[in-house]
Each structure stands twice: as C-alpha cells, then as structure tokens.
Amino acid sequence: MASVASIPFRRVTAKPGQIAAVALIGLFLAIFLIVPAGTVIYTAFTEKGTGALTFVNFLDFFRTDLFRRSFFNSVYVAGMSVVWATLIALPLAVLTTRFDFRGSMVIQTLGFVPLIMPPFVGAVAMQLLFGRNGTVNLMLYDWFGVRIPFMEGLNGVIFVQSLHYFPFILINLSTSLRNIDRSMEEAAQNLGSSGFRLFRRIVFPLSMPGYLAGASLVFVKVFDDLATPLLLNVKDMLAPQAYLRVTSVGLTDPMGYVISVILIIVSVFAMWLSAVAMRGKDYSTVQRGGGGLMRRNLSRGESIVAYGVVGFILLLVLSPHIGLLLLSFATVWSYSPLPDDFTMVHYARVFDESSIYIKNTLIYASLAGLIDVVIGGAIAYLLLRTKVVGRRWLDWAATSALAIPGVVLGIGYLRTFYGVTLPDGTPLATLWVMVVLALAIRRLPYALRACYAALQQVSESLEEAAENLGATKQRTIRRIVLPLMTGGLLAGFVTSFSTAAVELSATLMLIQSNSDAPIAYGIYVFMQSPAGRGPGAALGVIAVIMVALCTLLSHYVIERRQKAIGSAK
Amino acid sequence: MLKTIAAAMLVSAAAISTVYAQDGGKVTVVTSFSKDVTDPFKASFEAENPGFTLDVQNKSTSSGVKYLDEIKANNQVDLFWASAPDAFDSLKGKSLLAKFAPLVTGLPEKVGSYPVNDPEGYYFGFAASGYGIMWNDRYLEANNLPKPAEWSDLTKPEFHDHVAIAAPSRSGTTHLTIETVLQGEGWDKGWGTLKGIGGNLQQVTERSFGVPDAVNSGQTGIGIVIDFFAFSAQAGGFPVSFVYPSVTTVVPANIGIVANAPNQKGAEAFVNYLLSEKGQAVLLEPSIRRLPINPALYANAPEGFPNPFKDPRFQSMITFDSDVSKKRTDVVDTLFDQLISFQLDPLKGATKAIYAAEKALAAKDVAEARTLVNEARGLISAMPVTADEAASPQIRDAFTGGEQKTARQAELEQQWASFATKNYAEAKAKAEKALSLVD
C-alpha cells in the first residue's frame with residue numbers, strides 16, 4: 001500500500017537541484033527574452049493615442065482581408081517548404097548514413113552550408129542566377145524562348161526557403177539515423193524485411209525524433225522568416241507584414257505587434273503539435289556506438305544513380321553560393337548570363353577590415369552557441385527526465401524566440417538595458433555581450449530541438465542502471481547522459497553557431513561601433529551601394545568559408561568519436 | 001572539442017575586451033549611407049581635423065530614427081546623417097535634434113525650389129538629390145523598349161511589367177517622388193498617373209536601394225530612383241542611364257546634431273567640415289556622385305554632371321509645398337500600399353486586360369467596347385478619398401491616435417483595400433467584355 005502510494009508521489013516531487021535549474025533558466029529567459037520582447041509587444045494590447053488596454057486590435061486583424069490572406073499564405077508556404085525540404089534532405093541523409101559512400105563527410109558539410117547565407121548577398125546572388133533575367137532564364141530564353149518564374153510569388157518563396165532551410169532536417173535526421181540501435185535493423189532483417197520496406201517500417205520511424213525536430217524547425221522558421229519574402233518582394237505574408245509595420249518611420253502601428261503575437265502563438269502551437277505527435281512513443285535504444293546503422297556497399301549501378309542524385313541536389317542547394325562566388329569576382333554583372341569580367345580587387349578592398357569582423361563573429365557566434373547548448377540541453381533534460389513544475393513553460397518561452405522578429409528584440413534590448421548603466425556611465429545595452437545574449441536567445445530554439453531529439457533517443461534504463469550502481473544524479477548526467485548526447489549537442493551547437501554567425505536583424509539595432517561589428521553587419525554596410533556589391537559578396541564568401549570550416553571541424557570530431565566508440569567495443 | 005572551443009574563446013574574449021584607447025575626440029554618427037559614401041568622408045574629415053575620429057554606425061533611416069528615440073535618456077550619438085528630410089522632421093518633432101549655426105556661410109538658401117536648411121536651424125542640407133527614371137541599357141535593347149522621359153511614359157502599354165519602385169511607406173525619398181507627382185499633377189490626375197505606373201510595375205521593393213540594385217543587375221528594366229543611385233552605378237561601370245522628368249523636384253540630403261550630444265564640439269566640427277569646400281568636394285567621388293550644395297564645386301564636376309543651380313531644367317521644376325506633404329504623409333503612404341503595393345496582382349491583371357482591349361480597338365473601333373474600356377479606366381483611377389479628406393483631422397487622427405474617437409487605421413485600411421479589390425475586379429471584367437465585343 002505504502003509503496004503504491006509512494007510511486008506517483010515520488011514522480012511529482014522535484015529535487016531541489018531541478019527546481020533551482022528551472023528557476024535559473026526561467027530567470028535568464030525572463031530577463032533576456034520575455035521582458036525585452038514584452039516591453040515592445042505590449043503595444044498590441046493598447047489603443048492608439050490613449051494607450052488604454054484593449055483587444056480590438058486582434059478583432060481588426062481577423063476583419064482585415066489582407067491579414068487573413070497573409071495568414072493562409074504563410075501557412076501554405078511553410079507547409080510546402082517542409083515537403084520540399086524533406087525531399088532534398090532525405091536522400092542526402094540516408095545515402096550518407098546508411099551506405100558506404102565516399103565523401104559522406106564532405107556531403108554532410110556541404111549540405112549544411114545553405115544555412116550559412118549572409119543577408120542580402122544571398123538573395124542578390126539567387127536573383128542573378130534564377131531571377132527573371134538571371135543566368136538560367138537568359139539561357140533558356142535564348143535557346144527555347146521561355147522563362148521559368150523560379151523566383152516569383154509564393155512559389156518563389158517556397159523554392160528559396162526549402163533550399164535555405166533543408167539543413168535543419170538533414171542535420172537532425174542524420175544524427176537520429178546514426179543513433180539507431182543496429183539490433184533493431186538486424187531483428188527486422190532476421191524476420192525477412194529488407195530494402196525499402198525495412199527503411200519505411202523500421203529505420204524511418206525510429207529516426208522520427210530527429211525528423212520531426214528538423215521539420216518543425218523548418219515550418220516555424222519559414223513561417224516567421226521575413227528576409228526571403230521581402231527580398232522577393234512578396235508582401236502578403238505575416239512576417240513581412242509585421243516587419244513593414246514595426247519599422248516604418250515615425251508612427252507606432254499596433255497591428256505590427258498584433259501580428260508578432262500571432263506569429264508567436266502559431267509557432268508555439270506548431271512545436272506543441274510536433275510534441276503531441278511523439279507522445280506515448282518510445283524511441284530510446286539501449287545500445288550505442290558502432291557507428292549506428294549497418295553500412296551497405298552500393299553496387300556499381302546504384303553508385304552511379306546515387307552520385308548523380310547527390311551531385312544534382314548539391315548543385316541546386318549550393319547555387320546561391322556559386323552565384324555569390326561569381327559575384328565576388330565580378331566586375332560588372334548586368335543582364336548577362338555571366339559577369340563581363342573577373343577581378344580580385346573586391347577581396348583586396350575587404351582584406352584589411354575583414355579580420356576584425358571575423359574575430360568578432362567567431363567570438364559572438366561561438367559564445368552564443370555555447371550558451372544555447374547549455375540552456376537547450378538543460379531544458380531538454382528537465383522536459384524529458386523530470387516532472388518539475390514549469391518545465392513546459394520553459395520550452396514554450398524558449399521556442400517563442402523563433403517567432404519574435406529580430407528588430408522587436410533589438411528595440412526591446414535598447415528599451416530594457418539602455419537605462420541601466422555601468423559605474424562609468426556606459427549603458428549596458430552598448431556592451432558587445434548584449435549582442436551575444438541577443439544572438440543566443442534568437443538561436444536557442446535550434447539547439448533546444450537538437451538536444452531534445454538527442455535525449456529522446458537515450459534510454460532511461462541506462463541512467464537507472466547507473467543510479468542502481470550508486471552513481472548520483474549529477475554523476476549520471478556527466479558520465480552517461482552527456483556522452484550519449486554528444487552528437488545531438490554538437491548538432492545543436494553547429495546550428496546555433498552557424499546561423500548566429502550570419503544574423504543581422506537584431507544585431508543591427510545593438511551594434512555600437514565598427515570595432516564591435518560582426519561580419520553580417522560588415523556585409524550590410526557594403527551592400528547599400530552599386531560599387532559595394534562586389535566587396536559585400538567577397539565578405540560573404542569569407543563568412544561562408546569561415547563558418548563552413550568550423551562545421552567541417554565539428555563533423556570530423558563527430559565521425560572520429562563514433563569510430564572510436566565503435567572500435568572500442 | 002568543447003574544451004578547445006572554450007579555451008579559444010576565452011583567449012579571444014580577453015583580446016576584444018581590452019579597452020580601446022579613446023582620445024576624447026570620437027564623433028559618433030548614425031547614418032543610412034553606405035560604406036562607399038562614409039569611408040571617403042571619414043578619411044578626409046580626420047585628415048582635416050586632427051585629433052577627431054569619426055565613428056560610423058550604419059542603420060537604415062527608419063531604424064536610425066527608432067534608435068535615437070529609444071536611447072534619448074542616455075544619448076551616446078552626436079550626429080544623424082541621412083537623405084530623407086521627413087526623417088529629420090520626425091526627429092525634430094520629437095525634440096531629438098539640437099539647434100546649431102554652421103560657420104560656413106554664403107551657401108544658397110534654396111536648391112531648385114526647396115529650402116536647403118531647416119528654417120529653425122535644426123538640420124542642414126549638404127547635398128541635393130533629384131528624382132527621376134533610371135534604366136538598364138542592355139535590358140531596353142534586348143526587349144526593344146524605347147527610352148522613357150516622363151512619368152506618363154511609364155503608364156504606356158509597352159512598359160508593362162518592366163518597372164520597379166520602392167514603397168513610399170518604406171523609402172522617404174520615394175515618398176517625396178510620389179508627393180511631387182501628386183502636387184505637380186493634382187490629387188486625382190496624379191493618382192491616375194501613379195496607378196497607371198502601378199499597373200506596369202514588376203516589383204515594389206521595401207528599401208530604396210532595392211530598385212537601383214534590380215536595375216543594375218538587369219532583373220528589371222526601369223526604376224524610379226534618386227539621381228545619385230544612377231550616377232554612382234554609371235561610375236561603377238554598369239550599363240545604366242538616368243533622366244529627370246519635367247515634373248520633379250530636387251531636395252536636400254541632410255545632417256543634424258543630436259540633442260545632448262556627448263561630443264558637441266566634434267559634432268559641430270563635422271557639420272562645418274561637411275559644408276566646407278573640402279567636404280563638398282568629396283561628394284564628387286565616383287562612388288558617391290551626389291550634387292554638392294556649394295555652387296562653386298560644379299566647376300570640377302565630371303562632364304554631363306547636372307548642376308541644379310544653373311541647369312534650366314531645375315529652375316522650372318515645381319515648387320514643393322512641404323506643409324501640404326506633411327499633413328497627409330501617412331494617408332498618401334497607406335493609400336499607395338493599400339491601392340497599389342498590396343493589390344499588385346489584381347491591378348496588373350486589370351491593366352493587362354485593358355491593354356488587350358485597347359489594342360483590339362485600335363484595329364477595329366466598336367463604340368460600345370470603347371465606352372466599356374473608358375469605364376474600366378475610370379474604375380482603376382477612382383480614389384476612395386479626396387484631397388481634402390486626406391488632409392482632414394478625422395483621417396489623420398486615425399493614424400496618429402488623436403484625442404477624439406475616430407475610425408481606426410486598420411478599419412480605414414480594410415475599407416480602402418476592399419474598394420480597390422472591387423474596382424480592379426470590375427475593371428477587369430469590363431475590359432474583358434470589351435475585348436469579346438471587338439473580336
């Protein structure tokens with residue numbers, strides 16, 4: 001009797017350490033996310049002029065045709081982007097993790113590069129290649145007299161977004177595939193399953209945590225992204241509408257903030273939905289190491305097809321970077337398939353300044369990535385391993401950061417921290433640390449999703465075994481949970497790091513001087529004039545190479561680690 | 001791995017936190033100008049004024065205004081430097097600018113018909129900008145298009161889907177262009193022209209530079225821009241040309257000292273430098289190519305460079321009434337967004353249908369069809385508000401939030417948008433019916 005009663009009781013009680021963790025993370029999120037964003041978004045609930053509290057602005061939202069149309073367009077674009085991103089990511093992930101495929105590591109890295117697209121230059125490069133009078137269309141028109149509207153309307157947005165964000169699925173799905181217990185596959189094979197059936201019934205379902213983590217990120221990110229639609233001049237979507245209204249000169253229009261609130265609600269709802277889809281299922285596996293799934297050799301014919309598919313996909317997803325590279329060497333590139341001539345002067349022009357930008361970017365992005373992995377990992381652990389009160393709220397709060405437009409967060413930081421000064425009178429908001437914190441908050445959802453997926457695949461029985469053997473909670477986490485989550489933690493770090501490295505919208509508000517500026521800002525100040533296009537592109541190429549090298553390094557570490565564990569067995 | 005990263009970061013963090021030596025002569029300027037513009041000025045200013053360093057913070061005009069507003073309690077910025085006079089007006093209205101009397105005297109009071117400086121001395125014009133039409137030579141040639149010269153040319157059928165403009169609500173300079181057309185041609189006729197151009201638009205960009213960028217790369221053929229975008233692109237070797245239409249205006253790009261500037265002396269030094277001959281000369285550099293405010297400088301200008309103080313075109317340009325403009329700024333911008341930017345596809349569809357019907361009518365005239373087409377054109381150019389209503393306190397309060405209860409901005413926007421949707425759909429139906437009558 002006593003034991004029966006004690007079981008549920010034990011489960012709802014939380015250890016003091018867990019409560020402290022929730023309180024600390026909650027405090028962090030409150031100070032650096034909720035309060036700053038709240039000071040701005042508050043406007044959504046006030047009447048213009050008098051400032052009285054009201055909900056009439058939300059009624060107006062649903063009464064306005066434009067906003068309703070924008071809402072459905074955003075849902076449609078986000079949904080279709082997930083479909084296309086899946087079609088791109090799935091072959092790359094499966095080929096590189098399930099088969100002995102030469103250059104897997106290079107593909108994993110290159111497949112990741114699209115995420116590292118610095119602002120402005122990427123869109124310019126895409127227009128030069130795929131725009132109405134871009135390389136492809138000029139050649140098509142020359143040869144066949146047709147043009148394909150790759151970059152026009154909602155389909156254009158879907159095209160660019162799926163190329164840009166499919167790495168979220170690729171990186172999370174690959175990590176999941178690597179973590180599947182080989183014995184599952186062997187059991188299925190013993191029972192006579194093989195080929196596509198094996199993949200459909202066993203492998204893909206087991207990699208669901210990673211896939212859903214990636215797919216929900218793609219959905220929410222596309223739903224909340226304003227840069228791509230704006231650069232393609234698509235305005236009837238929600239995020240661009242919010243941005244256009246928040247940033248116009250002079251007036252404060254509450255509708256911009258109303259839309260921000262709606263973006264946050266939809267984002268959190270989408271994340272909740274993906275959590276519901278996973279509820280009641282157990283994805284954890286006991287066995288670890290050995291490099292995950294068995295790797296099969298490809299036959300000659302299969303190899304040719306596989307390399308063909310991979311080559312085509314890589315060419316497509318790297319096209320913005322190819323365009324960027326051409327642009328960085330181009331003299332004049334105007335209404336022609338290729339630039340008129342090539343030159344090195346753009347690199348010479350940015351060479352002196354780029355070192356400070358690179359240094360700042362590396363510091364900001366790696367600190368932000370580190371903060372994200374620590375907090376994301378802690379929230380994931382609290383969510384999956386404890387019943388402590390408030391853990392879901394931490395998840396939702398952190399996730400809502402995806403939906404808060406960068407400029408809103410930037411203004412919020414100024415409003416909250418500019419009044420707070422250091423003893424010498426310097427406002428807190430002008431310190432470069434604030435840029436790091438803003439970046440960390442903006443990228444926290446990425447790391448959180450990756451850590452969550454990684455922990456979902458770790459069997460609780462391993463921790464119970466450790467505790468049975470007398471290990472304390474802390475020791476279990478340190479010696480069992482963390483090592484088993486390494487892949488996911490690194491995936492989270494890399495995603496946060498590389499996207500923070502090219503972030504601009506929040507930082508533009510907070511950068512106080514050129515000596516504190518990251519590379520995205522450097523690109524921005526170049527890209528505002530015709531003569532600055534080349535140098536801007538050159539800086540963009542430097543940014544991409546720098547971040548890609550860091551990514552390659554971490555992939556190398558993951559691979560080596562997996563092998564080390566495998567051979568140790 | 002993580003340890004290595006952490007160690008590397010600690011080392012670099014220590015390096016960056018080393019306090020930079022400051023000599024008390026740092027002049028902080030918030031500007032919307034690109035590096036190509038600010039770098040030559042920085043170099044020349046620091047050479048002319050030893051001891052001072054210019055610290056440039058680049059922000060878009062709108063975020064610059066927002067930024068100054070947010071930090072006013074503990075201001076660390078000395079100067080605001082941008083094109084659009086309306087941004088300075090907005091700052092002045094919020095008491096964020098300080099009065100100053102520059103040392104440089106003898107500069108003209110007006111450029112074209114626009115006053116160079118703020119009459120109360122809160123901000124100063126340092127360069128002139130005219131608005132006009134820019135095009136890509138290769139694009140026009142490849143598409144067999146004539147060269148446009150006037151705003152009304154852009155409403156012709158041959159330019160359908162070849163024109164770009166920045167949204168006036170996003171770009172203070174485009175707003176002035178729109179207002180110039182409205183003042184030059186009158187409210188109703190002006191909107192007729194603007195919607196005629198609207199029906200030919202390929203894109204409405206959300207930043208000013210989006211338009212010259214699209215024209216430079218040849219994504220679009222023709223753009224409505226400020227002159228220096230075209231001149232600096234030409235200097236950079238791009239195959240582009242530019243023309244001032246006869247209804248246009250030149251307005252000054254400005255600089256102002258921010259209220260409670262931490263380095264008032266430095267701020268004054270920079271304004272004085274910018275208006276001096278040395279500073280004005282920098283404007284002629286190929287990457288900048290703006291029209292100096294000092295008439296003496298035009299002696300050194302490259303060939304073909306317009307001179308707003310001599311060129312008869314600029315003297316005949318219309319008088320721009322900034323009071324009229326100020327009263328209806330928000331209404332004009334919102335009307336443009338709701339009737340053109342956000343209704344681009346319906347508007348273009350109706351326009352295309354009218355072009356098709358008119359083409360058929362040119363070959364064979366049918367009176368009934370002609371009437372239908374004229375009705376369709378009338379539906380497109382119809383406005384939901386008159387000029388008087390646009391400047392009325394009732395409508396203005398909806399945007400600024402007045403004391404009296406008025407219609408909310410969102411309600412007005414919805415009304416105007418549904419007015420446009422309905423009219424464009426009817427216009428399209430009439431034009432299609434006209435076409436079927438002729439065929």
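**Note on a strand, a helix pair and a chain contact**

1. In β10(B), I226(B) is the residue that stands opposite Y131(B). The model discussed here is predicted. Strand β7 (residues 124–136) of chain B pairs with β10(B) in the antiparallel sense, over five bridges.

2. A further partner of β10(B) is strand β8 (residues 163–166) of chain B, with which the pairing is parallel and runs over two bridges. Here A164(B) has G223(B) of β10(B) as its bridge partner. As for cover, β10(B) spans residues 222–226, and five of its five residues are buried.

3. In chain A, helix α2 (residues 16–41) and helix α17 (residues 345–385) have axes that come within 11 Å and cross at roughly 135°. Because angles over 145 degrees are needed for roughly antiparallel and 65 to 115 for roughly perpendicular, α2(A) is oblique to α17(A). The crossing is left-handed.

4. On the α2(A) side, the contact is made by Q18(A), A21(A), V22(A), I25(A) and F28(A); α17(A) supplies I375(A), A378(A), I379(A) and L382(A). By class, this contact has eight nonpolar residues, one polar and no charged.

5. Between the chains, 60 residues of chain A and 71 residues of chain B take part in the contact. On the chain A side, the elements giving two or more residues include α4 (65–98), α6 (121–130) and α19 (406–417). Helix α17(A) gives the largest share of that side, five residues. The side of chain A that touches chain B comprises 28 nonpolar, 22 polar and ten charged residues.

How values were computed
Residues are numbered from 1 along each chain as its sequence is written. Chains are lettered from A and ligands numbered from 1 in the order in which they are written. This is a predicted model: local features need pLDDT of at least 70, side-chain atom pairs count only at pLDDT 80 or more; totals for chains, interfaces and linings use all residues. Axes are lines fitted to C-alpha atoms, for helices over the stretch in contact, and angles run from 0 to 180 degrees between N-to-C directions. Helices (H or I, at least four residues) and strands (E, at least two) are DSSP runs, numbered from the N terminus. Angles under 35 degrees count as roughly parallel, over 145 as roughly antiparallel, 65 to 115 as roughly perpendicular and the rest as oblique. A crossing is left-handed if the near helix is turned anticlockwise from the far one by less than a right angle, and right-handed if clockwise. Two residues are in contact if their C-beta atoms, placed from the backbone, lie within 7 Å. Ala, Val, Leu, Ile, Met, Phe, Trp, Tyr, Cys and Pro count as nonpolar, Asp, Glu, Lys and Arg as charged, and the others, Gly among them, as polar. A residue is buried if 20 or more other C-beta atoms lie within 10 Å of its own, exposed if 12 or fewer, and partly exposed in between; C-beta atoms are placed from the backbone. Two strands pair if DSSP finds at least two bridges between them.
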